[in-house]
Amino acid sequence: MTKNRPVRWGLIGAARIAERALVPAFRRNGSHIVAVGCRDPQRGTAFAQRLDIAEAQTYEAVVARPDIDAVYIGLHNGGHLPWTLAALAAGKHVLCEKPLGLDAGEVRQMQAAERAAGRLVCEAFMYRFHPQAERLRALVAGGAVGTPRLLRGSFGAPLADPADCRFDPAIGGGALYDVGCYPLNLMRLVMGREPEALAFTAQCTDRGVDHAGHAVLRFAGDGPAEALAHLDCGFSLAFETSFEVLGSEGVARLDQPFVCRDVETRLHWRNAGGEHVERFEPCDPYALMVRHFEGAMRGEHPLRWGLDDALRQALLIDALLALR
Ligand SMILES: NC(=O)c1ccc[n+]([C@@H]2O[C@H](COP(=O)([O-])OP(=O)(O)OC[C@H]3O[C@@H](n4cnc5c(N)ncnc54)[C@H](OP(=O)(O)O)[C@@H]3O)[C@@H](O)[C@H]2O)c1
């Protein structure tokens, strides 16, 4: 990897999220998209033409190309493990969608493969790269709301198409995997420690996929240092995202915690010192994520959230699903 030339990417999957968010992010960042891999040659070619990508190939062919440094895996959740392993075995760095694995065992397999390959894997939680996430973390860690006592987070994203891969239990469908993972991730980030899963109630489809989920978690601590967390997520809920921290001396809340690309966002907080509203200029957290990952690939800085973090996230999802 040299500093002077753009990183060369391959896309695995002609995914909606790749078209909507990652291709624009790579372009904004000055990265080069070499090829897209797609199961269906016609759809792959149409995707490549629409997005001005030189070649559409099979996944295998993309992963094997010597002129690619890294792949972005935008597949359904069940495709994350096999294609992360294949890309690492071919010596590529991997930016892979969330949830990285379907369980902690899958993430452990990725960890072993990452070590063996000497390459990097990043779980693509783009919202963490928006400056508002770090500001909220620092504000809470600095005591602006006193001791955090209760965290509340939600992500509702209505999904009507029964054929969507998110409703297929065989390939990683489910609202906790797909949208509940965001508030869970931000709770862990803000608290800087891991919670214990206390309860998880899921409302399921006929095929046993959670279309809505409701969780209670506890961040252990002595006496007043203990915090509870409450999470709601669902495909059967209207679109809504929220995240707030209620502390012993104040409250902090993001108005657009997760879907925050190219819009002005606000962090509201109050304590005995008064009410505050901090505004964040529109930015592209996907592009910020790509820039950070490319810097880590070049050895300019460590990856801020690596597979140890992804493993802790997966362990928590495992613990919640076991309570279903
Ligand atoms: N970071 C974000 O903001 C964000 C937002 C939405 C989704 N995501 C994540 O991104 C991933 C893809 O989401 P998406 O909305 O882009 O999904 P999608 O377009 O429905 O599917 C992505 C790709 O997965 C493959 N695929 C889909 N259904 C399949 C099936 N039944 N069998 C085999 N392959 C299948 C297809 O690959 P081919 O093109 O090769 O056919 C498809 O292009 C998921 O992990 C999701 O959690 C992230």
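In β2, Arg8 has His32 as its bridge partner. This is a predicted model, in which local features need pLDDT of at least 70, side-chain atom pairs count only at pLDDT 80 or more, and totals for chains, interfaces and linings use all residues. Residues are numbered from 1 along each chain as its sequence is written, and side-chain values use heavy atoms, with hydrogens and water left out.

**Exercise 1.** Work out how β2 is joined to strand β1 and to strand β3.

*Solution.* Start with the terms: strands (E, at least two residues) and helices (H or I, at least four) are DSSP runs, numbered from the N terminus, and two strands pair if DSSP finds at least two bridges between them.

1. β1 (residues 8–12) runs parallel to β2, with 5 bridges joining them.
2. β3 (residues 55–57) also pairs with β2 in the parallel sense, over 3 bridges; here Val36 stands opposite Ala56.

**Exercise 2.** Explain why β2 counts as largely enclosed.

*Solution.* Buried means under 20% relative accessible area (1.4 Å probe, protein chains only). Of the 6 residues of β2 (residues 32–37), 5 are buried, so the rest of the structure largely encloses this strand.

**Exercise 3.** Describe helix α7 (residues 175–191) by span, bend and burial.

*Solution.* 

1. The 17 residues of α7 reach 23 Å from first C-alpha to last, close to the expected 24 Å, which is 1.5 Å times one less than the number of residues.
2. A kink of about 50 degrees lies at Cys181, shortly before Pro183; the bend is the angle between axes fitted to the seven residues ending there and the seven starting there.
3. In α7, 17 of 17 residues are buried.

Key:
Buried means under 20% relative accessible area, exposed over 50%, partly exposed in between (1.4 Å probe, protein chains only).
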